[in-house]
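I set out to record where a ligand sits and how the chains around it are related. The entries follow the structure shown here.

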Amino acid sequence: MNQASLECRHISLSYGTTPVLRDIDLRIEPGEFFALLGPSGSGKSTLLRLIAGFNQHQSGELLVDGQDISGVPPHLRNIGMVFQNYALWPHMTVWDNVAFGLVERRESRDAMRRKVGAVLDLVGLAQYARRRPAQLSGGQQQRVALARTIVIEPRLLLLDEPLSNLDKQLRVQMREELKNLQRKLGLTTVFVTHDQEEAMTTADRMAVLDKGILQQVGTAAGLYDYPHNRFVAGFVGTANLLEGEVTAVSADTLTFHARGLGPLALARPAEPPAIGPAALAFRPHQVSMRPRGEPGDGARVWLDGLVESAEFLGEFSRYRVRVGEVALTSDQPHYAGRGMFAPGAQVRLGLDPAQLRYLDR
Amino acid sequence: MNQASLECRHISLSYGTTPVLRDIDLRIEPGEFFALLGPSGSGKSTLLRLIAGFNQHQSGELLVDGQDISGVPPHLRNIGMVFQNYALWPHMTVWDNVAFGLVERRESRDAMRRKVGAVLDLVGLAQYARRRPAQLSGGQQQRVALARTIVIEPRLLLLDEPLSNLDKQLRVQMREELKNLQRKLGLTTVFVTHDQEEAMTTADRMAVLDKGILQQVGTAAGLYDYPHNRFVAGFVGTANLLEGEVTAVSADTLTFHARGLGPLALARPAEPPAIGPAALAFRPHQVSMRPRGEPGDGARVWLDGLVESAEFLGEFSRYRVRVGEVALTSDQPHYAGRGMFAPGAQVRLGLDPAQLRYLDR
Amino acid sequence: GTVTVITSFPKELTTAYQKAFEAANPGIKVEILNKNTTASVAYIRELPEGQRPDVMWASAPDAFEVLASYKLLQGAPEVVNRSAPEKIGNYPLNDPKGMYYGQALAGYGIEWNTRYLKAHKLPVPKEWSDLVRPEYFGHIAISSPSRSGTTQLTVETILQGEGWDKGWTQLLQIMGNAAAVTDRSFAVPDGVNNGQYGIGIVIDFLALAGKYSGYPVDFTYPSMTAVVPANIALIAGAKNADEAKKFMAYTMSVPGQQLLFDPKIGRLPILPYSMLKPPAGYPVPQDIAKRAKVQFNTELSGQRYPVVISLFDQMVTFRLKELQAATKAIHEAAAALKARPNARGGELLAQARSLAYTSLVGADNVKNPEFLELFRKSRRDVAVSKQLTGMEQMWSEKARANYERARQLAEEARGLAK
Amino acid sequence: MPATTLQTGARARSPRTLASPGPLIAFGLILAFLLCFLVLPVGTVIYTAFVTETGAPTLGHFGNFFGQLVFRESFFNSLWVALASTFFASVIAVPLAYLTVRFEFRGALLIQTLGVLPLIMPPFVGAVALQLIFGRSGSVNLLLDDWLGFTVPVMDGLVGVTFVESIHYFPFILLNLVAAMRNIDGAMEESALNLGARGLRLFRRVIFPLAMPGYLAGAALVFVKVFDDLGTPLVMGVSNMLAPQAYLRITSVGVDDPLGYVISVIMIGFSILALWLAARVMKGRDYATLQKGGNALQKRRLGRWESLLAYGWILLVLAVVLAPHAGILLMSFAKVWSFSVLPDAYTLEHYATVFSDAGGMIGNTLLYCLLAAGLDVVIGTAIAYLILRTRLPARQWLDWLASAALAIPGLVLAIGYLRLFKGVQLPGSDRLVVQTWVLIMLAYAVRRLPYALRSCMAALQQVHVSLEEAAQSLGASRLSTMRRVMVPLMAGGILAGFVTSFITAAVELSATLVLVSTESQAPMSLGIYLYMQSIAGRGPGAALGVLAVAVVGLGTYFSHRFVERSRAAVQPSSRA
Ligand SMILES: Nc1ncnc2c1ncn2[C@@H]1O[C@H](COP(=O)(O)OP(=O)(O)OP(=O)(O)O)[C@@H](O)[C@H]1O
Ligand SMILES: Nc1ncnc2c1ncn2[C@@H]1O[C@H](COP(=O)(O)OP(=O)(O)OP(=O)(O)O)[C@@H](O)[C@H]1O
Ligand SMILES: [Mg+2]
Ligand SMILES: [Mg+2]
């Protein structure tokens with residue numbers, strides 16, 4: 001099997017004087033499926049391009065299987081990359097685009113036919129083999145780009161938003177295939193995505209990048225449940241953030257003075273935060289919501305609020321609720337026929353102390 | 001205000017002998033925010049390009065404000081379009097790209113400076129004005145493409161996956177801005193997206209396209225809760241589909257013979273389906289899940305199952321549960337620290353009869 | 001073996017000789033290398049000994065002089081046909097130093113296009129002096145003497161015939177009427193043939209070839225002409241000297257000379273007509289030479305050659321526009337004054353003429369050996385080059401100023417005639 | 001694979017350069033080629049400009065040069081003519097290119113081919129033919145004089161030179177512009193249309209700027225070529241320009257005037273300056289549009305009036321630029337044509353005359369020119385790649401060096417060859433290199449390299465780099481990437497370069513004259529020259545000229561067909 005580990009050691013890169021990657025330190029294990037998340041312009045593509053050999057870092061080391069590959073030209077790295085802009089060759093048919101890498105590897109005609117056929121089936125484009133890229137839809141082009149890369153079974157697979165132009169169904173299907181393929185071949189895979197669900201379902205671990213700095217690396221649940229800082233909390237999933245100050249920690253309670261909301265007496269968590277400025281983070285779907293009249297249970301901290309807006313999102317409805325001077329978000333599961341809270345409704349929000357996180361950065 | 005209605009009457013189009021759009025019949029009201037959904041290659045881009053004037057339909061009529069514009073050349077249509085592949089001009093700076101349409105409209109220097117500045121602020125690229133497209137990240141490029149089009153305040157705005165390369169946060173922010181802008185200008189907007197959430201939150205109404213055929217048109221909740229056919233049920237949100245047959249409908253019960261599962265006795269819905277082959281559809285998050293031992297309430301139909309796989313998706317965990325010979329999907333809200341069902345766990349699934357839909361197509 | 005002949009002559013001529021010679025000497029092949037004179041000289045110079053072509057065959061004597069000065073020629077006096085005269089007129093047929101030999105003759109003269117003259121209602125010119133007349137303004141073409149050795153000879157003939165100062169005056173007057181000073185000698189007959197120019201100062205065979213090919217052109221030798229040889233020489237370090245000599249001898253033999261009468265070739269032979277069968281009415285070189293009033297002095301010509309061509313270029317070739325303008329103004333003034341004479345006007349006109357048509361180098365100067373010596377020195381010496389370019393620059397500036405002033409004076413004169 | 005990685009990784013320590021040996025080798029080979037066949041030969045001749053008689057270095061000759069009125073005048077004349085010709089050539093070429101590429105146009109291919117014909121105007125024949133049509137007593141002026149009583153002196157002086165140069169060299173712009181416009185992604189145009197631009201504005205703001213690499217390549221070539229051109233002023237009898245001045249001084253028999261070489265050096269310097277300026281304009285800009293699957297510009301229909309106008313303009317332009325060819329054709333059938341609108345009588349004799357010679361000459365021309373043009377596009381593509389896609393230091397020098405060839409008189413290069421390769425034998429035989437046709441071919445290749453180079457550079461500038469990166473990430477080496485991805489994508493530009501090199505080599509004369517060492521080596525251009533050197537041979541010369549035009553023209557047409565066809569496959573199958 002073709003498993004390779006990847007390690008970035010203190011890698012920095014700038015375009016001209018603009019720093020784009022700063023001191024990236026990252027280890028990806030052999031066979032791991034690793035997701036890279038980050039806002040637009042945070043340097044994700046740059047990092048992938050660097051690994052593939054199209055950008056050169058100004059300092060730091062890039063190791064594959066423990067060997068520094070900084071000087072190795074791209075075509076000898078055997079690192080497959082799917083480009084954000086597809087980069088299909090307009091003068092070749094879909095088939096030829098996909099067969100390209102195999103031709104380079106001097107595969108036999110038969111093997112080639114078999115492999116290309118199989119991968120085209122995989123991405124659902126078998127009947128488009130003779131077309132040229134210009135005759136395909138955007139999503140079809142993206143799939144060709146994907147097929148072209150996975151067919152060569154590289155030792156490291158880099159995917160730059162490989163599924164962004166696909167519909168949800170196809171996306172789910174493709175990512176399952178990708179995952180299967182990855183498992184079967186043990187391909188170490190790094191992929192960039194904006195789709196948090198995608199990252200969470202497919203990735204063994206993931207990293208969040210912002211402004212060229214690695215913010216946090218960990219498993220999906222780790223990042224979701226225990227974000228290191230405000231950025232990660234807000235970026236991975238949706239979070240309500242209450243800015244304020246921890247004013248007192250006692251044996252079993254903790255007092256958090258939320259800005260615009262006043263002091264809250266909360267259960268003391270296992271590892272209580274230090275006294276001082278902090279933010280209280282919790283997820284919208286973990287917020288219970290009741291009409292003002294209904295009684296709440298004692299396990300939660302209840303706050304009175306006013307529904308400002310309501311959105312239907314399919315599986316659930318999302319409410320913006322004004323509590324004191326802050327606006328909190330609350331997601332409630334959707335059931336057809338069951339009414340939603342209307343804007344202007346008086347409600348109570350229940351916070352589960354076990355789900356509250358204190359962030360000091 | 002600039003509101004325009006758009007109407008497609010029996011529009012068909014083929015590339016060569018391949019039919020791509022078939023008998024599209026669609027009316028979009030002035031000021032409406034309309035979403036177009038559909039799998040990759042279903043003809044969404046083709047339809048938008050047709051409206052913008054870059055494709056010519058072979059039959060049917062295309063009316064804007066009641067006037068057939070089939071013969072009007074693109075530059076006279078005043079229909080703004082954001083292209084799926086951005087199509088930024090590489091030889092111009094970001095500023096010049098955005099100012100392009102204003103220059104064409106002979107705007108005064110001042111107005112131009114003001115408008116371009118404002119729209120660049122809107123998309124968060126004010127400090128990139130002097131860069132060239134090649135120096136931007138993929139998402140930044142997409143935002144330039146968007147800015148360039150909305151700055152001219154066209155009477156009709158067509159967006160071809162305008163946000164697909166943006167991260168979730170930015171996406172949410174951008175779509176809110178888009179929506180605000182659209183409301184402020186009363187712009188009739190048609191946009192293609194793969195993101196169901198995007199479609200649901202922003203669009204007044206939406207249409208689902210498959211293989212060039214309009215499958216259903218309606219509001220988000222309408223499509224979600226009352227899909228016309230299997231395709232729409234599966235495409236808008238996730239659905240469990242049980243294929244089978246309605247064998248008997250009595251005064252208050254209905255018997256559905258699910259393939260691989262056996263007969264189910266269900267409450268009779270208000271508008272019961274005809275006797276005969278049908279599919280039973282329901283949403284994964286509407287499926288209750290309990291350990292096998294726990295008792296279920298009587299309002300639901302309970303099925304015994306075996307957890308096959310479990311995925312953590314942030315807000316919830318998704319389980320594949322084998323029931324008889326079929327696999328059902330069940331989503332359960334996620335709470336940090338609370339355990340998940342492990343693969344192999346014996347569970348009971350509860351279906352809420354009010355949420356079941358019968359599909360005969 | 002193969003004899004390689006490097007030549008600037010047209011294909012008709014070379015092919016005729018090649019065929020005839022090969023027929024007469026089975027076993028010897030003739031390979032013709034056709035290049036213009038400059039390329040020929042360069043080519044020979046750059047080839048190593050033993051690899052050079054065998055025979056150089058061209059009109060311009062200066063090319064042979066250059067080759068001789070580089071020691072690239074080899075005497076072969078045995079090939080000379082002794083039946084040919086020593087001199088044509090006063091011009092020695094063979095190189096006095098014995099490096100190259102006259103093989104055919106050619107004379108310079110005036111060619112005209114009959115249709116052109118008719119359309120522009122111009123009389124046929126007979127003498128050089130005819131060409132200074134105002135009606136010929138803008139109708140004459142000549143090639144530059146620095147480009148064409150034979151033109152240089154013509155210019156020199158006029159200068160020797162009329163004397164340095166008068167000669168230049170006449171020459172400048174003719175040049176004031178010129179439509180063009182071409183860089184290729186062939187351009188002149190070509191232009192006359194196709195009617196671009198009415199009158200050309202050309203070498204006879206080119207004009208005759210045009211005439212015999214059916215073009216509406218004719219040719220005359222003015223009384224002041226020079227008949228000069230086209231030359232042939234053996235190249236030093238040739239591959240195949242023996243057979244080459246055979247070829248050279250053939251070109252000067254009776255059958256070789258007879259070929260020159262071919263209408264497509266149209267050259268004058270060196271052998272007396274008594275030995276040949278000339279077509280009826282064919283010009284006789286000896287007669288032309290005898291008629292000629294000039295006693296051509298080869299040595300003098302050789303001495304002042306660089307001065308003449310350089311002066312000509314600076315005063316005429318590069319200043320043609322200004323000279324034309326001055327001449328036009330002078331013609332107009334003269335015509336106007338003829339209609340309404342005016343003393344002051346006549347004076348101004350005379351001044352204008354003298355400004356425009358006076359050589360910038362006096363007759364004394366050209367006799368000054370130091371002055372001449374300067375032009376002999378190598379221009380690769382920066383100091384020499386500086387002196388020379390300084391001189392040329394001065395001529396150029398002065399010529400321009402003179403022509404400009406002459407134009408103004410003539411216009412003034414014309415104004416007075418009103 | 002890991003083994004390779006290890007080795008390469010160990011070798012290339014420096015993080016800055018992706019030092020793989022390929023580009024270095026290519027760089028070395030090209031440099032060696034240019035040194036051997038351009039710099040050294042020319043150096044052996046032109047060093048005269050920098051030394052005194054004794055061989056001591058000096059700049060004195062340059063001082064002498066600037067003191068001269070004639071030279072200052074010549075310099076400004078040359079500059080003026082070059083600028084004016086570039087302008088008029090653009091006026092001719094740009095509409096032709098735009099109309100034929102962007103609109104559905106009957107005979108677009110034919111027009112594009114005809115548009116290239118002016119380049120195939122053998123020297124001398126072209127000038128003679130032009131004189132016959134537009135000269136003082138040419139057909140046009142005779143007619144004008146007859147009917148209206150005046151004549152137009154378009155063929156006189158600097159105006160004449162400008163006129164001839166413009167209609168002779170506009171194909172440089174046409175070819176490169178067409179290639180460049182074909183490389184523009186259709187979405188670029190669509191988005192502009194969508195934002196309300198159209199017609200001229202669309203052209204001015206989007207299409208033309210995107211085709212800028214091609215246009216600049218062509219325009220720079222025209223400028224430099226005209227600036228350095230010798231043939232046209234020479235046959236038009238204009239000597240107050242730089243190139244004729246240099247030529248006159250270098251070739252005056254017996255006078256070895258260093259000023260001639262000084263002028264050459266100055267022309268080289270100025271040409272390089274011009275190219276450098278053109279490169280500056282492009283610097284820091286991006287023209288690559290082909291990326292996401294790439295749709296070419298779509299052809300659109302013209303309205304009735306528009307097409308009338310367009311056809312009218314094109315016919316007018318073609319009538320003027322093809323006049324010399326009409327002239328040659330008439331000449332080749334004419335018995336006598338002198339001072340008359342049309343020849344007096346016609347004959348087929350001239351063709352009979354040349355037919356015996358023609359076969360060998362056509363063969364030679366094709367052999368030399370195809371090889372030379374092939375060599376040119378290979379080197380051109382390689383240089384373009386090195387310059388645009390690698391960070392080798394001094395790579396720009398290859399460009400400057402190669403382009404310097406534009407300004408070097410053929411004669412100088414040829415003499416340099418003879419001098420440098422004096423006595424060198426062809427490996428494996430006792431023949432001298434200077435007596436084989438190899439040097440002729442190499443001289444063509446070197447002299448026409450700038451054309452191919454400009455086209456290749458322009459083509460590569462339009463290809464998005466990610467297309468190449470994609471290939472590398474799939475394991476294609478640089479060479480393989482070039483062959484399989486870059487070259488096909490650059491095909492249009494490469495073809496333009498090939499055609500220009502081929503055509504202009506086919507009519508090259510000055511180096512040919514010196515380098516041909518046996519009759520059997522003569523290419524058509526020499527044959528034409530020889531015929532045209534005699535009055536009686538003008539007809540046969542013209543006939544041979546017609547054959548040359550036909551041969552080269554057909555070659556061009558078929559290469560266009562070839563490219564157009566492979567392009568048709570890329571176009572969407574149907575557009576209503
Ligand atoms: N130029 C063309 N020639 C032939 N077929 C084409 C051409 N362009 C598109 N198609 C086909 O038309 C169908 C619809 O294409 P379209 O671009 O409208 O899809 P789409 O719905 O936008 O898909 P995506 O979401 O992947 O962008 C696709 O199957 C595509 O392969
Ligand atoms: N050639 C360049 N010159 C200067 N800056 C550049 C260049 N290319 C990218 N950048 C900048 O570097 C930053 C990182 O770019 P990168 O493409 O890595 O972002 P990304 O994380 O992939 O974003 P996206 O999700 O939008 O694709 C961006 O701010 C971008 O503007
Ligand atoms: Mg990116
Ligand atoms: Mg699309």
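**Ligand 2 and the chain pair**

I looked up the polar contacts of ligand 2 (pairs of N or O atoms within 3.5 Å) and found one of its oxygen atoms 2.7 Å from a polar backbone atom of Lys44(A). An oxygen atom of ligand 2 is also 3.2 Å from a polar backbone atom of Ser42(A), and a polar side-chain atom of Glu161(A) lies 3.4 Å from an oxygen atom of the ligand. I note that the protein covers 88% of the 640 Å² of accessible area that ligand 2 has on its own (Shrake-Rupley method, 1.4 Å probe).

I note that this is a predicted model, in which local features need pLDDT of at least 70 and side-chain atom pairs count only at pLDDT 80 or more, while totals for chains, interfaces and linings use all residues. Residues are numbered from 1 along each chain as its sequence is written, chains are lettered from A and ligands numbered from 1 in the order written, and side-chain values use heavy atoms, with hydrogens and water left out.

I then placed ligand 2 between chains A and B. I listed 21 residues around ligand 2, with Ser40(A), Ser45(A), Thr46(A), Ser137(B) and Gly139(B) the closest (a heavy atom within 4 Å).

Finally, I compared the chains: a rotation of 179 degrees with 0.1 Å of shift along its axis superposes chain B on chain A, RMSD 0.1 Å (least squares on C-alpha atoms of residues with pLDDT of at least 70 in both). This is the relation of a two-fold axis. In chain B, the C-alpha of Ser164(B) is nearest the axis, 2.8 Å from it.

Key: Polar contact = N/O pair within 3.5 Å; in protein donor to acceptor, adjacent residues only side chain to side chain.
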